[in-house]
Amino acid sequence: MDHKQYIERYLSADADDELETGELREVREHISGCEECRNTLAAEIAMKSEVKKLRSVKAPAELRDRIMAALDEVDRHSQSQSRVRSIRRPLAWTAIGAMAACLIAVIVLFAQQPANPAFDAAIQSFVQSEQRFASNVPSKSADDLAVTYIDRFGVPMAWDFSSIGLEVAGGRMDQTSDGRPIGYSLYKGSRGSLLAVVYRNDVFNFPPGGEMVKGIHIYHYRGYSVAATNRYSVFCIMVTRLPTSDLAQAFSQLPS
């Protein structure tokens with residue numbers, strides 16, 4: 001028995017303890033003298049153990065589609081490399097196992113993090129702003145935005161993100177479906193962008209966790225950095241792909 005025969009014919013069944021007596025004897029003889037296949041079997045068992053722990057977790061449809069696409073790509077790559085020396089196969093299986101473990105971790109994180117409709121709506125607006133954003137209020141500077149927000153909300157909900165390389169790129173005032181004003185401030189720089197969404201909200205329960213800097217809550221949520229604050233019942237959510245440490249740096253420079 002060689003590497004190829006073991007991995008393609010016996011590996012999965014061996015990890016599941018499903019080999020017949022005769023097969024098991026032959027496999028154990030091979031495994032006892034083959035370190036590469038022993039390592040491959042250990043990786044396979046570890047991966048299946050993690051999968052069993054997640055039987056009750058239902059991944060979001062979009063995430064499941066991404067995982068299946070990634071595994072299909074691995075399969076196509078494996079087929080195209082079918083003539084590579086068999087000794088390299090254990091390394092390939094170990095790499096696949098590591099990738100699967102990472103995908104499992106993503107599923108767990110996504111499934112365990114409670115949904116926050118306000119954050120989800122702000123993220124959707126942010127993604128749309130990356131593709132298209134049309135200003136309809138004066139927005140050449142943070143001062144321009146502050147004047148607009150004071151006029152509409154009584155609070156200057158404009159921010160200075162120059163310390164992390166972001167400058168004002170636009171401002172917009174719209175209305176929600178029930179007629180309430182809602183403002184959008186877009187900041188851009190060479191490293192990315194940030195969207196601030198401002199609207200009146202009398203009661204908002206900030207999610208647990210995250211960190212607080214100068215009264216502003218900062219979270220890592222669904223792969224985005226999200227900051228939130230509420231002043232005199234005016235609520236502001238800021239969304240960016242930049243790390244949360246950048247937001248903490250910018251807010252740490254606000255006056256106390």
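Guide: Gladly, and please keep in mind that this is a predicted model. Let's start with T240: apart from neighbours within four places in sequence, T240 is in contact with F126, S193, L194, Y224, S225 and L247. T240 itself lies in strand β7.

Visitor: Why is T240 called buried?

Guide: The relative accessible area of T240 is 1%. Buried means under 20%, so T240 gets that label.

Visitor: What makes the pair of S193 and T240 a polar contact?

Guide: The backbone oxygen of S193 lies 2.7 Å from a polar atom of the T240 side chain. The cut-off for such a pair of N or O atoms is within 3.5 Å, and 2.7 Å meets that distance.

Visitor: And the sheet: what is the order of the strands, and which are the edge strands?

Guide: Seven strands form an open sheet in the order β1-β2-β3-β7-β6-β5-β4, with antiparallel pairing. The edge strands are β1 (167-175) and β4 (211-213), because each pairs on one side only.

Visitor: How do you know that β6 and β7 pair?

Guide: Pairing needs at least two bridges. Seven bridges join β6 (residues 224-231) to β7 (residues 234-240), so these strands count as paired. As one example, T229 has C236 in β7 as its bridge partner. Helix α8 (residues 244-252) packs on the sheet, touching β3, β4, β5, β6 and β7.

Visitor: What makes D246 and R191 a salt bridge?

Guide: Their closest N and O atoms are 2.7 Å apart. The limit is within 4 Å, for a side-chain nitrogen of Lys or Arg and a carboxyl oxygen of Asp or Glu, so the pair qualifies. The pair links distant parts of the chain, with D246 in helix α8 and R191 in the loop between β2 and β3, 55 residues apart.

Visitor: Is D246 buried or exposed?

Guide: D246 has 8% relative accessibility; that is under 20%, so D246 counts as buried. I164, in the loop between α7 (142-153) and β1, is in contact with residues including R191 and D246. At 6% relative accessibility, I164 is buried by the same cut-off.

Visitor: Why is R28 called partly exposed?

Guide: The relative accessible area of R28 is 37%. R28 forms a salt bridge with D14, with closest N and O atoms 3.0 Å apart. D14 counts as buried at 4%.

Key
Residues numbered from 1 in each chain as written. Predicted model: local features only at pLDDT ≥ 70, side-chain atom pairs only at ≥ 80, totals over all residues. Heavy atoms only, no water. Helix = DSSP H or I, 4+ residues; strand = E, 2+ residues; numbered from the N terminus. Contact = heavy atoms within 4.5 Å. Axes fitted to C-alpha atoms, helices over the stretch in contact; angles between N-to-C directions. Buried < 20%, exposed > 50% of the residue type's maximum accessible area, 1.4 Å probe, protein only. Polar contact = N/O pair within 3.5 Å; in protein donor to acceptor, adjacent residues only side chain to side chain.
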